[in-house]
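Please look over the sequence and the model first, and then read on.

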There are 2 protein chains.
Amino acid sequence: MSGPRYLEDFEIGACERFGCYPVSEDEVVEFARRYDPQPFHVDRAAAERSHFGGLIVSGWHTAAMYIRMINDHGATRHALAGLGFDDMRWPRPTRPGDLLSVESTVKATSPLQSRADRGIVTFATRILNQRLEAVMTFDMLVLFPRRPRA
Amino acid sequence: MSGPRYLEDFEIGACERFGCYPVSEDEVVEFARRYDPQPFHVDRAAAERSHFGGLIVSGWHTAAMYIRMINDHGATRHALAGLGFDDMRWPRPTRPGDLLSVESTVKATSPLQSRADRGIVTFATRILNQRLEAVMTFDMLVLFPRRPRA
């Protein structure tokens, strides 16, 4: 992706898939010990006895791996700012051994009323595992410049 | 907080404040190097030259510190499941040296149509810094059991 990207460059329905993040058990346990030390995130034996049947990844760790993939891809490099996230859900667990990727679809583009030179792009985003099942979904709202008039 | 908590135990408007998470620069840089390596998260000199005027915390690291505070507090210990998050925003930066806490207000309780024994509690949540300014806000949706009939 080279050169600036403007609001007008995003077409509704345009979809890209990017990223490749292998989920390692060591990293899952390390993250969860620090931030989300629930038995089914940090203790393999307890996780196997739980209704999850094995270790699952903290939802916030999945989010962190997503933001790493976004950084590596440069998807929002020409954005002015990330505004926030709506409808964040985790439809199924992420597990050690999964290979994650990102699927991002342009859902809406809307010029700002308050600033004629900016607008918001809404990306419907799905984090997928290696079976292309969604493990996390949300809408991401990002501020982009509008194309300057010639 | 002892004993089970049921949907009926949550009163609209009830508010609690909990948690105390000191934000250290070392931790901020370590997290961001791994998951969100933008200059204003990982490079103090670059951050000082940026419009932020100094290092700021990855929004996803603020989220991770929040989930640690939730775990330590046990606020959702009797929940059946976390369902997701809506309207996630970061109204101002978190910075190294900040001391974070959580303010959680019961916004809505709604019995599930599909399962008479369960319901959803929506917590309007604000992560606050030491000046009690919100650095992150969202609605958290949590599934709780309903009180069994006598």
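Predicted model: local features only at pLDDT ≥ 70, side-chain atom pairs only at ≥ 80, totals over all residues.

Residues are numbered from 1 along each chain as its sequence is written, and chains are lettered from A and ligands numbered from 1 in the order in which they are written.

**The two copies**

Chain B can be laid on chain A with an RMSD of 0.0 Å by a turn of 180 degrees and a shift of 0.0 Å along the axis, where the superposition is by least squares on the C-alpha atoms of residues with pLDDT of at least 70 in both copies. The two copies are thus related as by a two-fold rotation axis. In chain B, the C-alpha nearest that axis belongs to B:D86, at 2.4 Å from it. The same surface serves both copies, since 100% of the contact residues of chain B recur in chain A; two residues are in contact if their C-beta atoms, placed from the backbone, lie within 7 Å.

The contact takes 17 residues from chain B and 17 residues from chain A. On the side of chain B that touches chain A, α4 and β2 of chain B each supply at least two residues. Helices (H or I, at least four residues) and strands (E, at least two) are DSSP runs, numbered from the N terminus. By class, this side of chain B has nine nonpolar, three polar and five charged residues, with Ala, Val, Leu, Ile, Met, Phe, Trp, Tyr, Cys and Pro counted as nonpolar, Asp, Glu, Lys and Arg as charged, and the others, Gly among them, as polar.

**Strand pairing**

Two strands pair if DSSP finds at least two bridges between them, and the table lists pairings, one of them between the chains.

| Strands | Sense | Bridges | Opposite residues |
|---|---|---|---|
| β2(A) and β2(B) | antiparallel | four | A:F85 and B:M88 |
| β2(B) and β5(B) | antiparallel | six | B:A81 and B:L143 |
| β4(B) and β5(B) | antiparallel | eleven | B:T125 and B:F138 |

β4(B) and β5(B) also form a hairpin with five residues between them, and B:L132 in the turn has a positive phi of about 60 degrees.

In helix α1 of chain A, residues 25-35, the buried residues are A:V28, A:F31, A:A32 and A:Y35; a residue is buried if 20 or more other C-beta atoms lie within 10 Å of its own, exposed if 12 or fewer, and partly exposed in between, with C-beta atoms placed from the backbone. The buried residues of α1(A) pack against α2 and α4 of chain A together with α4 of chain B.

In α4(B), the buried residues include B:W60, B:M65 and B:I70. The helix α4(B) is followed by B:G74, whose phi is positive, near 75 degrees.
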